[in-house]
Amino acid sequence: MYVAEIMAMKLTSRFRRLLQRPGSIDLGPYERLTVAIGEAEESLQELTDDELTEVVTEMRTPDGLDEGDLIEFLALAREAGKRAIGERAFDGQIVGALALLRGRIVEMATGEGKTLAGAFAAAGYAVGGRRVQVMAVNDYLARRDAEWMGPVYKLLGVSVSHIGQASTPEERREAYQADVCYAPVSELGFDVLRDRLVSDVADRVTVKPDVALVDEADSVLIDEARVPLVLAGATRSEELDDDVVALVRTLRAGTDYEVDGDGRTVALTDKGTDKVEEHLGGINLYEDENLERLTQINVALHAEVLLRKDVDYLVRDGKVSLINNSRGRIAKLQRWPDGLQAAVEAKEAVPVSDSGEVLDSITVQALVSSYPKLCGMTGTAVVVGEQLQEFYQVEVALVPPNKPNIRIDEPDRLYLTVEQKNAALVEHIKEIHDTGRPILIGTHSVEESEQLSDRLEAAEVSHVVLNAKNDAEEAAIVAEAGVPDTVTVSTQMAGRGTDIRLGGRDESHEKDRAAELGGLYVVGTGLHASRRLDDQLRGRAGRQGDPGGSLFFASLGDELVTRYSVTSGLRPQPDENGRLTDRKALAMLEHAQRVADGANAELHRTTWSYHRLTGQQRAILLDTREKVLTEDLAAEELSGRVKERYEELVEEVGEDTVKDAARRIALHHLDQRWSDHLAYLADLREGIHLRSLAGGIVHLKPIDEFNRSAIASFDTLIEDAWTEAAETFKEAEITSDGLDEEASGVPRPTATWTYLVNDNPFGTEADRILGRLRNAIKPASVAQSEEIPAEEFEDLPEELRDLDDDELPEELRDLDDEDLPEQLREVDADGDERPRDKD
């Protein structure tokens, strides 16, 4: 049976190559090399550990390993893995390592040993003269993998290190010097940003980028690529007035303010504006002198209405901590910009921290693209293969599992309401738990995990919870999720990384019992915006040929459905428990995920298009800044612009002191000008869509207008910085002790922190159209859907064009079941037809 599966995968791969589809890389050459590696392995078993290390050391070359060296090295690496950690790599892991060494994104199922394959590849690059940074998704995985693989690297004579959010500058500097450094992708980005702002070369911590090996590649390169990493410097306190906070709490939804269909923006209505102005003494909020108060009202309203405790942030130890939504963890040292952090702190009645101005930013895509060599690994890459090719010019290699996957994935269960779904969910969990089978439940937020925990307690189901409030216990909780009679509730399981073994961490005698009970049973409390994320959660079960199962619950009230699909054309006929089984309702879930995938892909494209020009401008500025930092450009410029003052100071304090002062002054003004430029671009970005929405005779493309204005703004930036530097130099306080930065008006930030920002606050054009469509989600008796002009769909990506003349997706038209289009039918193992993706 397993041979048949492998043959089917190979046949599918050939068809993919013919169609030039993702996942079509021919593994034949890698498999032939793997055979040769196996043959070479036998001759290495007599080597002592020291001899093995010496052989690898003698192989080191600055020019990369040729095919013969690669065969010998991977044979040595396989032997090192067996000796150091007791794991002899499967052939699939060797194939994966070879693909990584050829610059591919490798898809390997959960439990197939990506970590060891990645270590072999990283060591191979290092022996070939390259420096490698392994991009992890969080601190825990970076530390765990570096320490776990440490003995393997040591035997191969390769140095390894790791960094995390708590690492000091000196620890970071030392870690980056290692052959292989494991680090969260966000920390790599923030270190790059900090290094761009140093005033002394000795303060840098990073090294020149070379090889990026990305773990959970689809999550990092696709899901997180839309979120810019932003570095800000402390400026002032932005504490909100108590009366503003109290006033906002009196405003009523639908009357005083309205939230857009996405739940991304909130705005005062005319009635709300009148109420606020009257409360504040009859002022006009929109007069220039009241703009600061208007801003306070807006951010306080955003914090009160749109940001949810235990979903977007936690309050603990008297502080507001952001939650990384894609990881379900606390985002340490990160905060919201533009007064929003202060507004949330005021909302929760905790001390308000300092505000800041943006000093620089970088997207994950720009960061990764700066590496000459990119490769990565994940359990779900093929479905985003086209995007990986589009944005990063890398191809996907699909590696077959070492053992056949025998996990049973049950069809999704759909319910009419969230309440009915939750009731059925708890009942089903209790039923499975009574058998003793281990259960892993994936939720979407801290709030949802705790609400489910309360319901399970009421149902007398013993369980453990893993979310951002106790993520320090992550490894212990996840490792024991495969023990019989265990129920584990987790947020964002896709990013947890820890392997789940039947019977627990040590695979005790409980493993046999867990297998007899059917293996780990994965339950999803709702579908994700992408079926790929659902598959990541499913992949926790059925590890290495183990038995397992999965089941996802959903309802018409879930955010995925209310945000990305239309239900007004349905005539649901639920059973007594609220469950829907008709094919049109189930097809609606498929449609919602396709629309969500399309919207997210378009958002990624939009983000990248806006950041592309900014990146080019940043490169120009950084070239000038580098010359100021490492050469005498500042002294040359300022001695020419204010010659008399320069010569006078040289006589007084010496040339070296003056050069240092000139450098610091020039760096300050270059950095300040760039910060001002970024602030201008942020304002420009927010308003640029209004030109498009305004319409008119000539349709203005927002990106063209943005680029035109951005170019004009940057045109004189560097020259203006030099002019301001010269003015500062004339009056600067420069003594034999050097430049007094504070007295000279060029202070450095007293502190820095990082932001997680929504890069597209007004959404894409697609988002706005979807917002209108959401009016149709309400039953026809409550609201009629708004008519949408056909021309508004012209610029939509193909993934979002599933709308017919009646504004409904094709698969949701008012058809009888037997009239459902044939391409939406699929026969499952029981002979029942169920919907599938049209593609």
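Is Asp409 buried, partly exposed or exposed? In this predicted model, local features need pLDDT of at least 70 and side-chain atom pairs count only at pLDDT 80 or more, whereas totals for chains, interfaces and linings use all residues. Residues are numbered from 1 along each chain as its sequence is written, and side-chain values use heavy atoms, with hydrogens and water left out.

Asp409 is partly exposed, with a relative accessible area of 37%; buried means under 20% relative accessible area, exposed over 50%, and partly exposed in between (1.4 Å probe, protein chains only). Asp409 forms a salt bridge with Arg407, the closest N and O atoms being 2.7 Å apart. A salt bridge is a side-chain nitrogen of Lys or Arg within 4 Å of a carboxyl oxygen of Asp or Glu. Arg407 counts as buried, at 17% relative accessibility. By this rule, 48 salt bridges are counted.

A salt bridge also joins Arg196 and Asp360, with the closest N and O atoms 3.2 Å apart. Arg196 lies in the loop between helix H9 (185-195) and strand S5 (211-215) and Asp360 in strand S13 (residues 354-362), so the pair ties together parts that are 164 residues apart in sequence. Helices (H or I, at least four residues) and strands (E, at least two) are DSSP runs, numbered from the N terminus. Arg196 is buried at 16% relative accessibility, and Asp360 is buried at 3%.

In a further salt bridge, the closest N and O atoms of Arg625 and Asp671 are 2.8 Å apart. Both Arg625 and Asp671 are buried. Asp412, Arg531, Asp535, Arg538 and Glu590 are linked in a network of salt bridges.
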